[in-house]
Amino acid sequence: MDCILPDQISGRAYAPMSSHQFQAKLVIRSKSDPGADNTVELTNEAGAIVSTAVVSDIKVEAPLGKQPRRLTFPDGAMFETGAHQKVEQLFGKDRLGWLHKLEAFHPRLIGIVLACGFAVWLIYRFGLDVLVAGAIALTPPLVVEQIDRGTLQAIDFQMAKPSTLSAEEKARVEDIFAKLLPHIATVPDGTGFQLLFRSMPGVGPNAFALPGGTVVMTDQFVKKFPEDDILASVLGHEIGHVVERHGLRQVYRSLTTYILVALIAGETGPLLEDVLLEGNLLLSLSYSRQHETSADRFGVGLANRAGFNPNGLRSFFERMAKTGGQPPQWLSTHPNSKDRVTSINGFIQELNR
Amino acid sequence: MNDSAAHDKLRPFDFRGSAKEWFGIWIVNLLLTICTFGIYSAWAKVRRKKYFYNNTYVEGRNFDYHATGKQILIGRILIVVAIAVFQLASSLNQWLALGLVGIVIFFIPWMVARALMFNARMSSFSNVRFDFVGTPTRAAIPFILLPFFALATFLGLIFGGGYQLANGEPIGALLILLAFPFVVFIYPAIDRQMKRFSVNNHRLGTAEFSLSAGYWLFVGAAFKAALLLILFIAFSGLVLVFLSQVIGGPFAAFVTEVGDEITLEENWWVFLRNYLATLFVGYFTSVFAALIYQALVRNVVYNHTILGGEFRFRSDISAGGIFWIAITNFVAVVATLGLMLPWAQIRLAKYMADHTFGVAGGSLDRFVSVQGEAGMAVGDAYSDIEGLDLGLPI
């Protein structure tokens with residue numbers, strides 16, 4: 001038996017699967033049996049029934065702002081109404097009602113803004129490191145080895161020529177490198193240290209390390225800085241990059257930041273998107289400078305333990321500082337030479353203590 | 001009198017969203033996205049699209065977006081995993097990397113077609129779903145083949161010309177000079193093919209969209225954008241000359257140093273100024289030129305699109321208007337560390353809606369839905385992360 005007093009909501013509706021719009025009423029016929037599902041009828045201006053369904057078959061859209069609530073019938077008819085309270089009475093509170101309440105313009109939002117700022121800081125300060133450490137742990141040693149091989153191929157192809165150093169010169173530097181290796185405290189899994197020489201006139205006096213343990217030194221470096229102590233501490237610095245996984249960290253960090261920025265910022269509109277990515281670049285530069293300082297500390301320590309004079313790195317940067325001015329720090333991947341000399345002095349004092 | 005008669009037939013687009021209301025939704029989206037390490041971003045996207053679609057009205061009927069957060073999330077996970085594998089694999093070996101780029105290029109038309117279809121089938125107006133019937137094969141022409149040949153020709157002209165010049169052949173200068181008109185004439189042709197692919201394959205229910213805009217209208221937009229770009233560069237050049245000649249001092253050095261090779265042996269101030277000058281002149285002006293071109297092309301597309309053989313559209317965005325909105329929005333957002341972003345987005349949406357109209361045509365009651373599966377959101381996720389703009393052009 002149908003109940004005598006049907007509840008009803010007025011609003012606007014669209015015919016099933018069509019854009020035909022009409023003024024409509026939603027009539028609820030509750031059953032006397034409390035456990036049974038109520039029936040809902042959609043009627044047009046003339047009072048004729050357009051569509052019928054039981055309550056549980058009707059899809060009720062979650063509330064969003066002050067938008068009319070939308071109710072979709074199984075046959076594709078759609079009813080919309082601004083009578084939010086009545087919809088809630090008849091269909092119950094929406095699962096996402098708490099979200100709608102949270103989104104309302106209210107002083108509480110100030111707290112949410114602060115929470116966002118704090119969360120961004122947390123992610124930047126700790127979250128990224130956790131994600132990056134996880135990614136590094138998941139990277140098989142074989143892949144790291146292959147990165148070395150691939151990068152070296154690319155460098156040889158693009159900018160390096162075979163070394164022209166004499167066998168004695170090479171042997172001398174290799175000897176220094178070999179003396180350093182036994183003094184490394186912990187070597188990451190799958191690291192195979194090797195020292196290679198290349199002639200790179202375009203790059204000048206330089207040395208760099210690849211994540212798998214390949215250290216490359218240019219002929220130009222050996223020619224310009226032949227002193228054992230300088231060679232030892234610069235090689236120690238490059239070994240530091242390998243041991244502390246700086247190369248992998250930078251690759252994973254920029255990848256993670258890129259994905260997070262894309263997901264979090266969403267559609268920012270013209271101009272802003274480009275600026276966000278430029279900003280990301282500046283941040284990654286600061287990260288790279290931290291790595292340089294950390295590798296300096298490592299290099300000084302390693303050279304010292306292997307019996308070289310730890311002042312070698314300092315005299316190297318003092319000579320570099322004399323060669324000319326440098327860009328401001330925040331535009332560079334490396335700290336400027338003067339600052340490095342100052343921090344290296346600190347590291348040397350730590351050693352003497 | 002003509003004017004008022006024409007206005008009678010207009011059906012203005014009306015955007016009813018408010019910055020206050022959107023701010024609350026946006027900040028909650030942001031907080032939940034951060035707290036879940038980006039996972040909630042899928043649901044956040046749905047809420048954002050729903051908010052902007054729901055608040056866009058034509059004659060009291062609005063748009064709606066029907067995708068669920070779960071669908072978007074699955075698409076995004078697949079794409080993020082694919083990107084990670086791609087990055088890792090391509091750092092192993094340069095030939096493997098080259099092969100992977102080939103595979104990705106092969107998949108782009110598929111992604112584009114899937115993204116357009118997913119987005120169309122998840123969108124509705126007045127209870128009727130949109131649809132998209134374009135195939136990946138057809139997408140390959142405007143999205144891969146034409147850009148590839150155009151880019152190859154452009155780079156050929158630039159580098160070929162540079163090579164000739166370096167060898168003392170004056171014909172090289174001619175080749176390089178040819179490269180720029182090439183952009184103004186060829187890019188609009190490719191863009192027109194993209195727009196035709198997008199518009200002509202969209203449906204509202206069973207009603208078909210069709211775009212009849214000719215090639216020269218697109219060239220006209222490119223010409224206007226290029227002209228504004230040249231005027232802007234000339235103007236900023238004049239300002240610099242004025243500063244250096246009349247005010248002098250630090251500005252005098254500026255003009256002579258711009259364009260000099262940047263050597264680190266000079267002091268860092270020179271480096272910084274040159275860096276900023278290059279960034280400003282080279283980068284921002286081209287971004288603005290692109291923005292203005294897109295605004296003008298939007299007008300062309302709307303003004304030459306017919307829906308269901310009877311419904312026409314009108315868009316009258318002005319280059320100056322969109323330029324002003326972009327600049328002031330940018331300043332407001334940066335100055336408030338992003339807090340004004342919701343306001344800026346609402347303002348842009350309002351401006352767009354205020355300059356968009358339906359024109360004449362019969363009753364909006366006549367559209368009928370067709371049923372169709374939307375498929376996976378992989379293409380949609382790809383276009384989100386790569387920043388492609390493939391949504392409905394509302």
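Modeller: Buried means under 20% relative accessible area. The model discussed here is predicted.

Colleague: Why is A:Phe221 called buried?

Modeller: The relative accessible area of A:Phe221 is 1%. The cut-off is under 20%, so A:Phe221 counts as buried.

Colleague: What makes A:Phe316 buried?

Modeller: A:Phe316 has 8% relative accessibility. The limit is again 20%, and A:Phe316 therefore counts as buried.

Colleague: Why is the aromatic pair of A:Phe221 and A:Phe316 called tilted?

Modeller: There are 30 aromatic pairs over all chains. In the pair of A:Phe221 and A:Phe316, the centres are 5.5 Å apart and the planes make 45°.

Colleague: Which residues do ring pairs link into a cluster in chain B?

Modeller: The cluster consists of B:Phe13, B:Phe63, B:Phe125, B:Phe130, B:Phe209, B:Tyr302 and B:Phe313.

Colleague: What makes helix 6 of chain B roughly antiparallel to helix 7 of chain B?

Modeller: The axes of helix 6 (residues 136-166) and helix 7 (residues 171-200) of chain B cross at roughly 175° and come within 8 Å. Angles over 145 degrees count as roughly antiparallel, so helix 6 of chain B is roughly antiparallel to helix 7 of chain B. By class, their contact has 23 nonpolar, 7 polar and 1 charged residues.

Colleague: How do you know that B:Arg61 is buried?

Modeller: B:Arg61, in strand 3 (residues 61-65) of chain B, has a relative accessible area of 6%. That value is set against the cut-off of under 20%, so B:Arg61 is buried. Beyond four places in sequence, B:Arg61 is in contact with residues of chain A, including A:Tyr14, A:Ser19 and A:Gln21, and with residues of chain B, including B:Phe125 and B:Ser126.

Colleague: What makes the approach of A:Ser19 to B:Arg61 close enough for a polar contact?

Modeller: A polar atom of the B:Arg61 side chain lies 2.7 Å from the backbone oxygen of A:Ser19. The limit for a polar contact is 3.5 Å.

Colleague: Where are B:Ser126 and B:Asn127, and what are their phi values?

Modeller: B:Ser126 is in the loop between strand 4 (123-125) and strand 5 (128-132) of chain B, and B:Asn127 is in the loop between strand 4 and strand 5 of chain B. Phi is near 55° for B:Ser126 and about 70° for B:Asn127. Each value is positive in a residue that is not a glycine. B:Ser126 is buried at a relative accessible area of 1%, and B:Asn127 is buried at 13%.

Colleague: Why is A:Met78 called buried?

Modeller: A:Met78, in strand 7 (residues 78-81) of chain A, has 4% relative accessibility. Under 20% is buried, so A:Met78 counts as buried. Not counting residues up to four places away, A:Met78 touches B:Asn127 and, among others, A:Arg12, A:Ala13 and A:Tyr14.

Colleague: Why is A:Asn345 called partly exposed?

Modeller: A:Asn345 lies in helix 11 (residues 337-352) of chain A, and its relative accessible area is 26%.

Key
Residues are numbered from 1 along each chain as its sequence is written. Chains are lettered from A and ligands numbered from 1 in the order in which they are written. This is a predicted model: local features need pLDDT of at least 70, side-chain atom pairs count only at pLDDT 80 or more; totals for chains, interfaces and linings use all residues. Side-chain values use heavy atoms; hydrogens and water are left out. Helices (H or I, at least four residues) and strands (E, at least two) are DSSP runs, numbered from the N terminus. Buried means under 20% relative accessible area, exposed over 50%, partly exposed in between (1.4 Å probe, protein chains only). A polar contact is a pair of N or O atoms within 3.5 Å; within protein, one must be able to donate a hydrogen and the other to accept it, and residues adjacent in sequence count only if both atoms are side-chain atoms. Contact means heavy atoms within 4.5 Å. Axes are lines fitted to C-alpha atoms, for helices over the stretch in contact, and angles run from 0 to 180 degrees between N-to-C directions. Angles under 35 degrees count as roughly parallel, over 145 as roughly antiparallel, 65 to 115 as roughly perpendicular and the rest as oblique. Ala, Val, Leu, Ile, Met, Phe, Trp, Tyr, Cys and Pro count as nonpolar, Asp, Glu, Lys and Arg as charged, and the others, Gly among them, as polar. Rings of Phe, Tyr and Trp (its six-membered ring) pair if their centres lie within 6.5 Å; planes under 30 degrees apart count as stacked, over 60 as edge-to-face and the rest as tilted.
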